[in-house]
Amino acid sequence: MQLDARDRRILSLLQTDCRLSNAELAEQVGMSASACWRRIRVFEDEGIIKRYRAEISAEGVGFTFQALVHVQLTRHNPEHLAGFVAAVEARPEVQECYATTGQADYYMRVLCRDIAAYNLFLEDFLFNLPAVASAQTNVVLREIKRSQTISM
């Protein structure tokens, strides 16, 4: 889908504050409310807008431990890979997971209440997956930059 300047402006504004009313959004973009609403519907239908949500402070709700986990697999056959992926997708502690090139097969960002909860995550879950050979943990000391927005 080709995006024009107004489309990009709508998307930028929604990334900043998805609670803007359609009338406020249309006014800021310089178009009618009905035309703006139609464009947003197209973005949703095309999957450009995937969802609307609130950004919650992890520390504010008691999650004080965050780690980047580098996972190496023992087996790369389809059955073990599918099992690993399904298991990781089901775990709420895993905030993000990426299949990567390089030394690790997967990188995960894991969020837990504390280090004890993370230890349980490792012992009761990750190390029990048949495909996992090893995991290296890098504890996040502080967050420098984290962006959920795409620059338009």
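Visitor: How far is the sulfur of Cys 18 from the closest cysteine sulfur?

Guide: In this predicted model, the closest cysteine sulfur to that of Cys 18 belongs to Cys 36 and sits 14 Å away, which is too far for a bond.

Visitor: And Cys 112, which cysteine has the closest sulfur there?

Guide: For Cys 112 the closest cysteine sulfur is in Cys 97, at 14 Å, and that is again too far for a bond. A disulfide would need the two sulfur atoms within 2.5 Å.

Visitor: OK, changing topic. How many salt bridges turn up in the whole structure?

Guide: A search of the whole structure gives 6 salt bridges, and one of them joins the side chains of Asp 4 and Arg 39, with an N to O distance of 3.1 Å.

Visitor: Where in the chain do Asp 4 and Arg 39 lie?

Guide: They lie in distant parts of the chain, 35 residues apart, with Asp 4 in the segment before helix H1 (5-16) and Arg 39 in helix H3, which covers residues 33-45. Both ends of this pair have some accessible surface, since Asp 4 is partly exposed at 35% relative accessibility and Arg 39 is partly exposed at 22%.

Visitor: Which residues are linked in a network with that pair?

Guide: The network of salt bridges links Asp 4, Asp 7 and Arg 39.

Visitor: What about Arg 41, which residue does it pair with?

Guide: Arg 41 forms a salt bridge with Glu 44, where the closest N and O atoms are 3.3 Å apart. Both residues lie in helix H3 and are 3 residues apart, about one turn of the helix. As for accessibility, Arg 41 is partly exposed at 35%, and Glu 44 is partly exposed at 25%.

Visitor: One more, what is the N to O distance between Glu 143 and Arg 146?

Guide: The side chains of Glu 143 and Arg 146 meet in a salt bridge at 3.9 Å, N to O, which still counts because the cut-off is within 4 Å. Glu 143 is partly exposed, with a relative accessible area of 46%, and Arg 146 is partly exposed as well, at 41%.

Terms used. Residues are numbered from 1 along each chain as its sequence is written. This is a predicted model: local features need pLDDT of at least 70, side-chain atom pairs count only at pLDDT 80 or more; totals for chains, interfaces and linings use all residues. Side-chain values use heavy atoms; hydrogens and water are left out. Helices (H or I, at least four residues) and strands (E, at least two) are DSSP runs, numbered from the N terminus. Buried means under 20% relative accessible area, exposed over 50%, partly exposed in between (1.4 Å probe, protein chains only).
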